[in-house]
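Please open the structure in your viewer and keep the selection panel at hand. The stops below say what to select next and what is there.

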Amino acid sequence: MKFDLDSYKEISDSLMRNKRRSFLTGFGIFWGLFMLLFLIGGGNGLKALLSKNFSGFATNTIIMGAGQTGKPYKGFEEGRYWQLEFKDVERLKHLFPELSIVTPQLSQWGTVAVNEGYSVNSNMLGADADYQYVETPVLKYGRYLNNVDIQQHRKVCVIGKQIYQSLFPEGGDPCGQFICVNSVYYQVIGVNYSSSNININGRSEESVTVPITVLRDILNTGDAVGMICMVGRDGVKMSDMEPRIRQAVYRKHTIAPDDDEALFMLNMEPIFKIIDNLFKGVNFLIWLVGIGTLLAGAIGVSNIMMVVVKERTIEIGIRRAIGATPFDILFQIVMEGIVLTLVAGLSAIVFSVFMLNALEVIAHHETAFQINFGTAMAAFFLLTILGMLAGIAPAYRAMHIKPVDAMRDE
Amino acid sequence: MLIELQGIHKTYDNGQPLHVLKGIDLSIDKGEFVSIMGASGSGKSTLLNILGILDNYDEGEYHIDGKLIKNLSEKEAAHYRNQMIGFVFQSFNLINFKTAIENVELPLFYQGVSRKERHDLAMNYLERFGLADWASHYPNEMSGGQKQRVAIARALITQPRILLADEPTGALDSKTSVEVMELLTRLNREEKVTIIVVTHESGVANCTDKIIHIKDGIIGETTINTEHHASVFGSETIMK
């Protein structure tokens with residue numbers, strides 16, 4: 001048997017013979033694939049939209065700050081105030097090589113930043129150069145704090161998006177200019193456009209970040225630090241680290257080992273894990289629903305083709321009588337299944353790409369809902385296989401039609 | 001001998017065994033025009049199915065042109081049918097959603113003949129049967145006689161050794177029946193096509209040169225009918 005133009009014609013002829021039935025059968029596939037792709041695209045878009053909130057934040061981070069002790073210990077009453085110190089930072093670095101970053105933070109809330117008649121409420125944040133590895137800045141202009149800034153107590157600052165927009169309404173590169181925060185002038189060295197919603201000590205959009213050594217001098221806090229942020233090295237489980245770090249700090253500050261209130265520790269890992277699991281669950285559901293619908297469509301195709309084969313017994317019998325081999329018949333029916341599935345499926349891919357694009361337009365292109373090319377190709381191959389599987393049972397039945405059946409059915 | 005059957009037995013086993021053919025011995029030579037006559041239930045359809053390699057037989061031997069046709073796989077059977085046998089059916093068995101020329105082309109399609117070649121050949125055959133103008137018409141737009149001529153063209157396009165006609169006039173009126181039988185006669189005379197007609201109409205059988213009577217699964221008498229006077233109803237018409 002040759003595969004030429006007429007082979008296609010054979011297939012299209014038999015599909016076009018009952019247009020409405022072919023259409024309705026194909027629609028099952030169409031809808032199934034559309035659902036799958038649209039859900040995948042929508043799910044990815046939603047994930048991207050949510051991920052924006054945590055973007056730039058190291059996922060295996062622990063943040064800790066001192067509170068009041070909750071238990072009396074070694075002569076101390078409960079309810080004692082204590083403070084984390086720069087020495088703790090050094091000690092933690094020394095004790096736990098598993099931590100890649102240990103960085104202290106100081107803060108001053110409710111400050112006002114001023115530049116030539118413009119003023120805006122802000123938070124002062126004293127940070128180390130290392131802090132950029134905890135919360136990645138998105139620098140629109142300039143640079144972040146570096147070690148020299150810290151060592152030389154330079155009065156420089158990195159300002160958040162909102163500060164920049166309020167103090168420099170004309171726009172342009174503000175680096176080199178001076179802004180005044182609480183009567184002290186700082187030279188702007190960078191603009192941080194990060195709009196992530198996970199921040200420590202205030203939204204980074206409203207922050208003026210200065211070297212921690214500068215803020216320490218100004219606030220005169222001595223050795224005390226506000227918070228310490230720690231990032232574990234790759235593969236280190238921060239949940240396991242948490243109690244060890246806690247005990248190390250407690251020992252030094254003479255706090256009861258079983259005191260839960262003295263040290264506030266925020267482990268980001270489980271939070272990210274929850275979100276991650278949530279999306280895994282959502283993805284699982286998407287695939288379950290999508291594949292389920294698609295499968296139902298494919299079974300529909302198989303079902304209808306079963307009926308079609310039954311209907312075409314005489315025709316197939318005639319073909320067999322004039323020399324079609326069982327394979328010829330098998331091939332034709334399987335091809336019909338594949339063609340029907342592919343035509344419906346490709347329309348579904350086109351339609352879902354179109355709809356996802358429309359969704360992006362509605363969302364003002366803030367997130368990408370579009371499925372990628374790989375997903376579309378995977379869907380295409382999945383379809384071909386589904387089409388083939390859908391055709392196999394009916395084709396098997398058709399193959400066993402004997403030429404005499406054509407005459408018997410007269 | 002083109003066709004040789006020796007001691008063919010066939011039993012259908014649908015719950016109760018039904019012994020249909022009880023030892024058929026038959027030989028038909030190249031270029032013969034033979035009819036097989038018998039009442040319904042005589043086994044003539046079964047015999048036709050076996051002759052046409054549409055069905056298997058249980059005992060005996062069947063040779064076409066010296067080739068033993070026995071226990072063939074479906075693929076081999078399809079191949080032999082395609083190469084050696086042309087079928088003409090009572091109800092034409094054209095494919096309704098294909099035009100006349102596509103119907104005629106179909107056996108060549110399964111032979112793997114190229115598109116253009118089979119199209120030209122099919123057109124050639126349709127012209128010979130005076131159907132050139134009907135080439136692109138669908139079967140339901142044609143008369144019974146035209147349909148049967150399309151079917152004959154389809155049967156002959158592969159140049160088979162044997163043309164098997166199963167009640168070829170069964171669905172036709174007497175006038176077109178005569179035309180179809182004349183066409184078959186002409187094909188036999190002019191192109192030496194070996195034709196086997198299965199019928200229960202004596203008028204149809206009378207058109208052939210040899211009439212083989214089958215009764216209760218065995219061959220009865222064989223009448224040589226070169227004079228075409230076998231029919232009690234006369235030689236000129238086909239009684240309906």
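**Stop one: the end of a covered helix**

Begin by selecting G323(A), which follows α9(A) and has a positive phi, near 120°. Before going further, please note that this is a predicted model, in which local features need pLDDT of at least 70 and side-chain atom pairs count only at pLDDT 80 or more, while totals for chains, interfaces and linings use all residues. Residues are numbered from 1 along each chain as its sequence is written, and chains are lettered from A and ligands numbered from 1 in the order in which they are written.

Now select α9 of chain A, residues 313-321, where seven of the nine residues are buried; a residue is called buried if 20 or more other C-beta atoms lie within 10 Å of its own, exposed if 12 or fewer, and partly exposed in between, with C-beta atoms placed from the backbone. Among the buried residues of α9(A) are E315(A), I316(A) and R319(A). Helices (H or I, at least four residues) and strands (E, at least two) are DSSP runs, numbered from the N terminus.

**Stop two: a helix with one buried face**

Next, select α6 of chain A, residues 212-219, whose buried residues are I212(A), V214(A) and L215(A). If you look down the axis of α6(A), these buried residues fall within an arc of 160°, so they line one face of the helix; the arc is that of the directions from the helix axis to the C-beta atoms. Their cover includes β3 (99-115), β4 (118-127), α4 (147-151) and β9 (207-211) of chain A. Just after α6(A) comes N220(A), with a positive phi of about 55°.

**Stop three: a sheet in chain B**

Moving to chain B, select the open sheet of four strands, with the order β2-β1-β4-β5 and antiparallel pairing, where two strands pair if DSSP finds at least two bridges between them. Its edge strands, each pairing on one side only, are β2 (16-28) and β5 (67-68) of chain B. Within the sheet, β1(B) (residues 3-14) and β4(B) (residues 59-64) pair over five bridges in the antiparallel sense, and Q6(B) stands opposite E61(B) in β4(B).

**Stop four: where the chains touch**

Finally, display both chains together: 22 residues of chain B are in contact with 22 residues of chain A, contact being counted when the C-beta atoms of two residues, placed from the backbone, lie within 7 Å. On the side of chain B that touches chain A, the elements giving two or more residues are α2 (74-84) and α3 (100-111) of chain B.
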